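Subject: Structure handover

Dear colleague,

Please find the structure below. My notes on it follow.

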Amino acid sequence: MKYNIVNLFVFTFVHMKKSDLDQSRLLSPTTLNNFLKEYALFDSLNILGTSVENRPIYSYSEGNGPKKVLMWSQMHGNESTTTKALVDFWLYLKTPEAKQLRETCTFLMIPQLNPDGSDAYTRVNANGVDLNRDAIDLSQPESRVLRDVYEQFKPDYCFNLHDQRTIFAAGDSPIPATVSFLAPAADPDRTITTARELAMKLIVIASNNLQASIAGAVGRYDDGFNINCVGDYFTAQSTPTVLFEAGHYPLDYKRVETRKHILSSLMAMSHAIASDSLETIETAPYFEIPENKNHLRDIELYNLKKSPDGMPVFGNNMLIQFKEMKNGDDIDFVPEIVTENKGLLGLQRVNAQEHKTLMNLCFDADDSEIKNLTKTISLLSLHQFV
Ligand SMILES: [Zn+2]
């Protein structure tokens with residue numbers, strides 16, 4: 001059974017009608033809570049604890065079967081796509097199609113482990129700590145909430161849900177890694193333990209499923225061991241843990257498409273767990289998933305014939321990377337020039353000669369050339385693509 005875009009069409013169409021979560025990459029707790037209220041889901045939330053700034057950390061659960069799956073997202077606050085997909089998955093679990101899942105599994109989901117970072121659009125929590133490096137120290141209240149849930153719920157599987165930047169490609173290709181996975185190591189030797197093997201099998205299932213919709217755009221993260229990372233720690237405790245990274249889909253800066261592929265992967269993996277189909281899955285295809293490389297940048301301007309002094313232009317090309325900045329209730333994608341472009345490729349290639357007037361205006365300006373150039377790029381690219 002496949003859970004690709006085609007299968008999801010009816011489901012997503014019905015539910016997207018009310019959705020406003022696609023409006024911005026910024027997903028504050030207030031926006032999420034208002035959305036859940038609209039769907040009459042807010043009253044089903046449980047409060048697990050509070051963040052540094054005293055915001056509630058919520059969870060919800062669905063199903064009452066013996067197999068326990070713990071999922072959490074936005075432990076990095078500026079990574080909202082998987083939270084949106086996790087809410088989609090909750091709605092899916094309430095449908096008749098998910099009856100088998102509800103009867104065989106109990107899902108416990110934490111949609112925003114880092115609500116302060118989600119509000120501020122920061123990776124770190126309000127104390128500036130990366131919660132995904134705090135698995136041993138447990139120095140932060142959010143880390144302790146996750147650990148407490150893990151110890152009380154005793155999950156059979158964990159899904160650790162994140163977003164990755166636009167720079168990541170699936171292997172050496174120019175194709176962005178729309179979804180990447182990792183079965184984290186459990187020790188420095190990267191031994192394929194029983195838990196890790198199960199995580200690999202789940203990833204093989206999701207990756208095969210995604211080939212129907214985004215062939216070649218699935219990546220695999222480096223498996224260097226770091227016990228401070230939550231996924232590595234849980235795998236070391238013999239709990240199969242899958243790392244998800246929601247990435248870039250061409251021109252999809254709001255990650256509306258990517259959200260669907262994360263949902264599709266959550267569905268495919270959950271059905272595999274529920275139906276006991278992991279036994280027959282081989283792990284070899286896991287290692288055939290191309291490793292994530294980081295050679296992509298948002299815009300490549302080519303055919304730049306003029307290179308004023310001091311401009312970081314290399315040859316005839318220039319690369320631009322968008323910096324995501326919170327601005328009120330939304331995120332601005334602010335273009336910044338990449339100062340070293342060796343080996344890098346643009347996700348969007350723009351012929352500068354086709355925008356000669358703008359480019360000349362920019363080069364002849366009295367003001368800081370770089371500042372003007374970025375403004376120009378903004379005109380050229382940002383409003384077309386974002
Ligand atoms: Zn992350």
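What volume does the largest cavity have? The largest cavity has a volume of about 80 Å³. Before the rest, the basis: this is a predicted model, in which local features need pLDDT of at least 70 and side-chain atom pairs count only at pLDDT 80 or more, while totals for chains, interfaces and linings use all residues. Residues are numbered from 1 along each chain as its sequence is written, and side-chain values use heavy atoms, with hydrogens and water left out.

Cavity and pocket

The structure holds 1 cavity of 30 Å³ or more. A cavity here is a set of points, on a 1 Å grid over the protein atoms alone, where a 1.4 Å probe fits but cannot get out; a pocket is an open set with protein on both sides within 12 Å along at least five of seven lines; lining residues have an atom within 4 Å of a point. Grid points are joined across faces, edges and corners, and a volume is the space filled by probe spheres set on the points.

The lining of the largest cavity consists of M75, L113, L131, D134, A135, L138, S143, L146, R147, V230, Y233 and F234. Helices (H or I, at least four residues) and strands (E, at least two) are DSSP runs, numbered from the N terminus.

The largest pocket holds about 940 Å³ of space. Its lining is made up of 39 residues, and E79, R123, D163, R165 and Y221 lie nearest its centre. At least two lining residues each come from β5, α8, β9 (241–246), β10 (292–293), β11 (296–302) and β12 (318–327). Strand β12 gives the most, with 4 residues.

E79 lies in the loop between β3 (67–73) and α3 (81–93), and H162 in strand β5 (residues 157–163), so the pair ties together parts that are 83 residues apart in sequence. Both E79 and H162 are buried; buried means under 20% relative accessible area, exposed over 50%, and partly exposed in between (1.4 Å probe, protein chains only).

Helices

In α3, 13 of 13 residues are buried. The helix reaches 18 Å from its first C-alpha to its last, close to the 18 Å expected at 1.5 Å a residue. The expected span is 1.5 Å times one less than the number of residues. V87 lies in α3 and is buried at 0% relative accessibility. V87 and L36 are 51 residues apart in sequence, yet 8.5 Å apart in space, C-alpha to C-alpha.

L36 is one of the buried residues of helix α2 (residues 29–38), along with P29, L32, N33 and F35. These cover an arc of only 160 degrees around the axis, which puts them on the same side of α2. The arc is that of the directions from the helix axis to the C-beta atoms.

Helix α7 (residues 194–214) has 21 residues and should span 30 Å at 1.5 Å a residue; its end C-alpha atoms are 29 Å apart, which agrees.

Backbone and loops

A40, which follows α2, has a positive phi near 55 degrees. G216, which follows α7, has a positive phi near 80 degrees. Y121 is not a glycine but has a positive phi of about 55 degrees; it sits in the loop between α5 (115–120) and α6 and is buried, with a relative accessible area of 7%. R190, also not a glycine, has a positive phi of about 55 degrees. R190 is in the loop between β7 (179–182) and α7 and is partly exposed at 38% relative accessibility.

G343 is in the loop between β13 (330–337) and β14 (345–351) and is exposed, with a relative accessible area of 63%. G343 and L296 are 47 residues apart in sequence and 9.0 Å apart in space, C-alpha to C-alpha.

Regards
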